[in-house]
Amino acid sequence: MGEPIVLDIESLDLEANGIAHHEGKVVFVRGALPGERVRAVLVRRKPRFDVAQAFEILRESHARVTPRCPHFGVCGGCSMQHLEPRAQLAIKQRALEDQLWHIGKVRPQTVLRAIAGPSWGYRYRARLSVRNVVKKGGVLVGFHEKGSSYVADMRECHVLPARMSALLMPLRELVASLSLRDRLPQIELAIGESAIERDAAPGGAGPADRGELLIALVLRVLEPPTEEDRARLLAFAARERVEFWLQPKGPDSIRLMCTRDGASAASDAASQLGYRLAEFGVDMPYRPTDFTQVNHRINEVLVSRALRLLGPQPDERIADLFCGLGNFTLPLATLARAVVGIEGSPVLTQRAQENAAFNGLAARASFRTANLFELTPQAWAELGRFDRVLIDPPREGALEAAKVLSADPVKPRRIVYVSCNPATLARDAAVLVHQGGFALKAAGAVNMFPQTSHVESIAVFEPADGAGEDVAVRLATG
Ligand SMILES: C[S@@+](CC[C@H](N)C(=O)[O-])C[C@H]1O[C@@H](n2cnc3c(N)ncnc32)[C@H](O)[C@@H]1O
Ligand code: SF4
């Protein structure tokens, strides 16, 4: 559409589009990075902004790198591979600070050092779509293409662990060989950092084969596999050392079909899927459709950082809101007198309880199932007094919790808020600061999802009139 225009790129949005101005109007420029001068064509005109596609780079950014994945640009899984990882993190950090200011009118007193980890092979959980596309030569297993419902012809994936990436093509062949192939719309991956032996002592030396990644594949099956399908699945499981689970209905209907030795499983307890939080000596068995943080390595750092920022003391009582399967609750229980984890999903509350018992922490960690989007001051008061509160909500944030904490005359000494959406963090921070009398002591980005536009972050609040600001400051500069 239209004549080529030359644009100077000023900044980047979170979808990794360059931002420029042309004839007084904002232009989002696909394929361009800040500091670059590009030749582009306008591809869409809107009243308030235009969208352009860069086709020639006249001056290149020093942060531009060659994308590692051949599917970059087509596959919707990543948007930032052409940008050097440190620059990605800087953009996420700036996005966090911008949102805190523009939405919440708050600024952190200290900006925490960003938490970064491996840029590749980090994604331990993913949902892949399956389509039998005759035109494309058969079965595709992959993420959706960018902005479309088509499945990408994904032959390798560098954000998945290398072993899983190498399994993509064999998996396609396997699915193509099943009579089920047109009634198997999705495969969910859950990859365990270490296999957990349920009889082994938690936090001990661990299973003999610790270190081998355990890949669990959940097949969403619209009808049961035939005997022949089962035989193929078992043979694949034994050869590739993966667990197969079948999911006939919703996520809670999953059942372990076979172990990584290719043996039919009598019960889910035969699964060894789990992850370990070594600093706290905590092992976390889980089922593949349970919520777990996607990036296990960053999760270990995140848990350590969050707990250090929260600073629980041995005589204190702590609340862990949106606790999931106890990812923060159980490490907290190794440090504090009592921890109460609150979570909306009864399946996860039960898992958290089982995991507390498995780790010998049931006396200090208890769990409740509650819808925290409807938290009331009365329900909060009934839980008793908490010295410190950790909050780790889904993308929707924790508005009601922020309101209840703000209205409570007895304030916790510190709140640590882990967020996967800076917009809702900023909204809730505004409540805590402007209504609740808390100060935003510190905030920083966490690169939980390198190469993608997701921003994970962590923020620390304390009563504005309270003492004890040292923890955040020390960590930020340490
Ligand atoms: C970002 S996850 C964090 C889980 C856990 N803290 C962890 O690190 O694994 C958010 C959690 O909030 C739970 N959740 C979602 N909506 C909820 C609600 N309305 N009330 C309570 N919990 C909810 C989800 O089930 C999920 O476990
Ligand atoms: S999600 Fe995987 S396949 Fe898709 S672009 Fe990223 S690395 Fe490539």
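Predicted model: local features only at pLDDT ≥ 70, side-chain atom pairs only at ≥ 80, totals over all residues.
A residue counts as near a molecule if its C-beta atom, placed from the backbone, lies within 6 Å of it.

The residues surrounding ligand 2 are Cys69, His71, Phe72, Cys75, Gly77, Cys78, Phe143, Met154, Cys157, His158, Val159 and Gln451. Sort that shell by class and you get 8 nonpolar residues, 4 polar ones and no charged ones.

Next stop, Cys420. The UniProt annotation "active site", from an unreviewed entry, covers Cys420. Look for cysteine 420 in the loop that runs between β20 (414-419) and α9 (422-435). Is cysteine 420 buried or exposed? The cut-off for buried is 20 or more other C-beta atoms within 10 Å, and cysteine 420 has 20 of them, so it counts as buried. Once neighbours within four places in sequence are set aside, cysteine 420 is in contact with Arg395, His454 and Glu456.

Now for the nonpolar side of things. In soluble globular proteins, nonpolar side chains tend to be buried together. Here the largest nonpolar core has 138 residues, and the ones with the most contacts inside it are Val29, Leu217, Ala306, Leu321 and Val416.

Leucine 217 sits in strand β11 (residues 214-220). With 25 other C-beta atoms within 10 Å, leucine 217 is buried too. If you want a distance to check, the C-alpha atoms of leucine 217 and alanine 333 are separated by 31 Å, and these two are 116 residues apart along the chain.

| Residue | In contact with |
|---|---|
| Leucine 217 | Ile187, Leu189, Val242, Phe244 and Trp245 |
| Leucine 321 | Ile342, Leu372, Val389, Leu390, Ile391, Ala398 and Ala401 |

Finally, a sheet. Six strands make up an open sheet with mixed pairing, in the order β1-β5-β6-β4-β3-β2. Which strands stand at the edges? They are β1 (5-8) and β2 (11-12); each has a single partner strand, so one side of each is left without a neighbour in the sheet. For β1, the pairing with strand β5 (residues 37-45) is antiparallel and runs over 4 bridges. To pick out one residue pair, leucine 7 has valine 38 in β5 as its bridge partner.

Methods:
Residues numbered from 1 in each chain as written. Chains lettered and ligands numbered in written order. UniProt positions renumbered as here; feature names shortened; annotations may be inferred. Helix = DSSP H or I, 4+ residues; strand = E, 2+ residues; numbered from the N terminus. Buried ≥ 20, exposed ≤ 12 C-beta atoms within 10 Å, placed from the backbone. Contact = placed C-beta atoms within 7 Å. Nonpolar A, V, L, I, M, F, W, Y, C, P; charged D, E, K, R; others polar. Pairing = 2+ DSSP bridges. Core = buried A, V, L, I, M, F, W, Y, C linked by C-beta atoms within 7 Å.
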